[in-house]
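Me: Could you walk me through some ring contacts and a helix packing in this one?

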Amino acid sequence: MSLEELIIAVVRVLGSLLVFKWAFIGGWAAILIDLSDLFLRNLLDLGGVSNYQAFDKWLDQVYMVAFLIVALRWAGPARSVAVGLFAFRLVGFVIFEFTNERYVLLAVPNVFEVWFLFVASLPHWRPDFQFSKRNIILALIPLTALKVFQEYALHGGKWLDSFTAIEAVEAIADWFAGPFT
């Protein structure tokens, strides 16, 4: 393991721990810190990352297991759906590890991640939410659509593959600033 991989791994693991203190904010922090490896890879020159997709998916398991540990404290359907979605993504991760084909990540989207954030957000904006079958389906439809779009952008269309992280931020900033220049 290169020094660069070690630094990225430490940052990602430490970022995953925040979810134990603050489920919603810590969950968002873990996901944003997950993206930090893109910037760290661009900024560090300490041996590189040998297989970024595999490295990233292994480190994703750290925050996903942290999310699962928190979700196991939940009760009823919130917990059951979380466990099922975690298992679904874990199957996708295993298939990806054997095939190293990015389309697998599109076929088995990480809906667990967005479900976790949705449920963790409920005490803040909908403490009276009822986990009826209808409400769960109504929540999962847009969450799944959002995740499939994200997985397509990253792994199907590979829209960000030709950008460095810094170039992507600059392009987004230029797009937002466009109407004002």
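**Rings and helices**

Reply: Phe-129 is buried, since its relative accessible area is 13% (buried means under 20%, exposed over 50%, partly exposed in between, with a 1.4 Å probe and protein chains only). This is a predicted model, in which local features need pLDDT of at least 70 and side-chain atom pairs count only at pLDDT 80 or more, while totals for chains, interfaces and linings use all residues. Residues are numbered from 1 along each chain as its sequence is written, and side-chain values use heavy atoms, with hydrogens and water left out.

Me: And Phe-131, what does that count as?

Reply: Phe-131 counts as partly exposed, because its relative accessibility is 25%.

Me: Switching topic, at what angle do α6 and α7 pack?

Reply: Helix α6 (residues 111-125) and helix α7 (residues 133-156) pack at about 130 degrees, with their axes 9 Å apart; the axes are lines fitted to C-alpha atoms over the stretch in contact, and angles run from 0 to 180 degrees between N-to-C directions. Helices here are DSSP runs (H or I, at least four residues).

Me: Which residues of α6 make the contact?

Reply: From α6 the contact is made by Val-111, Glu-113, Val-114, Trp-115 and Phe-118, where contact means heavy atoms within 4.5 Å.

Me: How are Trp-115 and Phe-118 placed in the helix?

Reply: Both lie in α6, three residues apart, about one turn of the helix, and both are buried.

Me: Which residues form the aromatic cluster?

Reply: One aromatic cluster is formed by Tyr-63, Phe-67, Trp-74, Phe-86, Phe-112 and Phe-116.

Key
Helices (H or I, at least four residues) and strands (E, at least two) are DSSP runs, numbered from the N terminus. Rings of Phe, Tyr and Trp (its six-membered ring) pair if their centres lie within 6.5 Å; planes under 30 degrees apart count as stacked, over 60 as edge-to-face and the rest as tilted.
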